[in-house]
Amino acid sequence: MSLWTVMLASLALIMVGLAVDTSGHIHAMQEARSLAREAARAGGQEIEKPRGVLGQGAVATPVLAAAAANSYLSAAGVDGSATVTGPYTVQVAVTTTYSTRFLSVIGIGSLSATGTAESRITRSIEGTEQ
């Protein structure tokens with residue numbers, strides 16, 4: 001009976017460990033996506049202001065938009081990159097790591113977590129995209 005108890009307890013510990021590290025990894029991926037979304041939003045706010053003020057549409061200022069998104073990522077303390085892929089689009093990719101708690105026992109010390117996001121610059125008048 002004691003061998004059965006030891007095996008059952010070991011199996012339960014392994015299952016709890018996998019659940020903890022899996023949920024931690026999922027949380028790290030959600031955090032990476034959230035940081036990517038916020039950095040893309042920060043970059044999407046850098047528009048060519050004279051065109052916008054004159055009502056000629058809102059387009060990204062490529063250098064400033066990428067710099068704003070990268071600045072947000074630096075302030076958050078994560079690795080990532082931002083690119084302006086067109087006059088209306090800022091794309092951000094983020095990479096972080098999750099330090100495992102239980103999987104480190106079998107040699108897996110960390111898991112990579114990535115997130116991507118894109119912001120699209122639009123012009124709206126009274127809630128209607130123009």
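Trainee: Let's start with Glu 38: is it buried, partly exposed or exposed?

Mentor: Glu 38 counts as partly exposed, at 31% relative accessibility. Keep in mind that this is a predicted model.

Trainee: Okay, and what does Glu 38 form a salt bridge with?

Mentor: Its partner is Arg 41, and the closest N and O atoms of the two are 2.9 Å apart. Side chains of opposite charge can pair when their charged atoms come close.

Trainee: How are Glu 38 and Arg 41 placed in helix α1?

Mentor: They're three residues apart in helix α1, so about one helical turn separates them.

Trainee: And Arg 41, buried or partly exposed?

Mentor: Arg 41 is partly exposed, with a relative accessible area of 37%.

Trainee: What separates the C-alpha atoms of Ser 34 and Leu 3?

Mentor: Those C-alpha atoms are 46 Å from each other, and the two residues are 31 apart along the chain.

Trainee: Which residues does helix α1 run over, by the way?

Mentor: Helix α1 covers residues 2–44, and Leu 8 is found there. Leu 8 is partly exposed, with a relative accessible area of 47%.

Trainee: Which residues form a nonpolar patch on the surface with Leu 8?

Mentor: The patch has Trp 4, Leu 11, Ile 14, Met 15 and Leu 18 alongside Leu 8. Together they have about 630 Å² of accessible area.

Trainee: Switching to pockets: which residues line the largest pocket?

Mentor: Leu 13, Ile 14, Gly 17 and Leu 18 are in the lining, along with Phe 102, Leu 103, Val 105 and Ile 106. You've met Ile 14 and Leu 18 already, as members of the nonpolar patch.

Trainee: How do the lining residues divide into nonpolar, polar and charged?

Mentor: Seven are nonpolar, one is polar and none is charged. Gly 17 is in that lining, and Gly counts as polar. The space in the largest pocket comes to about 150 Å³.

Trainee: New topic. Is Ala 65 buried or exposed?

Mentor: Ala 65 is buried, with a relative accessible area of 0%. Look for Ala 65 in helix α3, residues 62–76. Between the C-alpha atoms of Ala 65 and Gly 77 there are 19 Å, with the residues twelve apart along the chain.

Trainee: And the strands? Where is Gly 80?

Mentor: Gly 80 belongs to strand β1, residues 79–86. With a relative accessible area of 41%, Gly 80 is partly exposed. Its C-alpha atom is 38 Å from that of Leu 11, which is 69 residues away along the chain.

Trainee: Last one: where does Thr 122 lie?

Mentor: Thr 122 is in the loop between β3 (110–120) and β4 (124–125). Thr 122 is partly exposed, at a relative accessible area of 34%. Thr 122 and Thr 89 are 33 residues apart along the chain, and 9.5 Å separates their C-alpha atoms.

Key
Residues are numbered from 1 along each chain as its sequence is written. This is a predicted model: local features need pLDDT of at least 70, side-chain atom pairs count only at pLDDT 80 or more; totals for chains, interfaces and linings use all residues. Side-chain values use heavy atoms; hydrogens and water are left out. On a 1 Å grid over the protein atoms alone, a cavity is a set of points where a 1.4 Å probe fits but cannot get out, and a pocket is an open set with protein on both sides within 12 Å along at least five of seven lines; lining residues have an atom within 4 Å of a point. Grid points are joined across faces, edges and corners, and a volume is the space filled by probe spheres set on the points. Patches are made of residues with over 30% relative accessible area and no salt bridge: like charges are joined within 9 Å, nonpolar side chains (Val, Leu, Ile, Met, Phe, Trp, Tyr) within 5 Å. Accessible areas come from the Shrake-Rupley method with a 1.4 Å probe; for residues, only the protein chains shown count as cover. A salt bridge is a side-chain nitrogen of Lys or Arg within 4 Å of a carboxyl oxygen of Asp or Glu. Helices (H or I, at least four residues) and strands (E, at least two) are DSSP runs, numbered from the N terminus. Buried means under 20% relative accessible area, exposed over 50%, partly exposed in between (1.4 Å probe, protein chains only).
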